Amino acid sequence: MTALQNETASSPAITEGAAAALSVGIAAFAAGYAERGIGSAAMGAIAEDEDLFVNGLVLTVLPETLVILALVVVFAA
């Protein structure tokens with residue numbers, strides 16, 4: 001006795017636009033989560049030594065590149 005499988009075309013669970021929005025949203029959430037700790041540590045370091053302003057600024061902005069790269073990937077595809 002053999003069981004036959006129905007061969008039907010299946011569609012993805014979500015559309016391409018929804019997948020793109022989800023990927024950018026997750027990247028933005030991850031960047032915000034990363035900036036939470038980095039920002040507070042940078043402000044503490046700047047409060048002790050004002051010469052660390054540029055380093056703190058660069059480290060705070062760095063996670064935002066995740067969102068920019070996610071947007072580049074979404075619009076390039």
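Q: What makes Phe53, Val54, Leu57, Val58 and Val61 a nonpolar patch on the surface?
A: A patch takes residues with over 30% relative accessible area and no salt bridge, and nonpolar side chains (Val, Leu, Ile, Met, Phe, Trp, Tyr) are joined within 5 Å. A salt bridge would be a side-chain nitrogen of Lys or Arg within 4 Å of a carboxyl oxygen of Asp or Glu. These five form such a patch, with about 460 Å² of accessible area together. By the way, this is a predicted model: local features need pLDDT of at least 70, side-chain atom pairs count only at pLDDT 80 or more, and totals for chains, interfaces and linings use all residues. Residues are numbered from 1 along each chain as its sequence is written, and side-chain values use heavy atoms, leaving out hydrogens and water.

Q: Why is Leu57 called partly exposed?
A: Buried means under 20% relative accessible area, exposed over 50%, and partly exposed in between (1.4 Å probe, protein chains only). Leu57, found in helix H2, has 45%, so it counts as partly exposed.

Q: And why does Glu50 count as exposed?
A: Its relative accessibility is 70%, so Glu50 gets the exposed label. Glu50 sits in the loop between helix H1 (16-48) and helix H2 (53-61).

Q: What makes Glu48, Asp49, Glu50 and Asp51 a negative patch?
A: Asp and Glu count as negative, and like charges are joined within 9 Å. Those four residues form a negative surface patch.

Note on methods. Accessible areas come from the Shrake-Rupley method with a 1.4 Å probe; for residues, only the protein chains shown count as cover. The place of a charge is taken as NZ of Lys, CZ of Arg, CG of Asp or CD of Glu. Helices (H or I, at least four residues) and strands (E, at least two) are DSSP runs, numbered from the N terminus.
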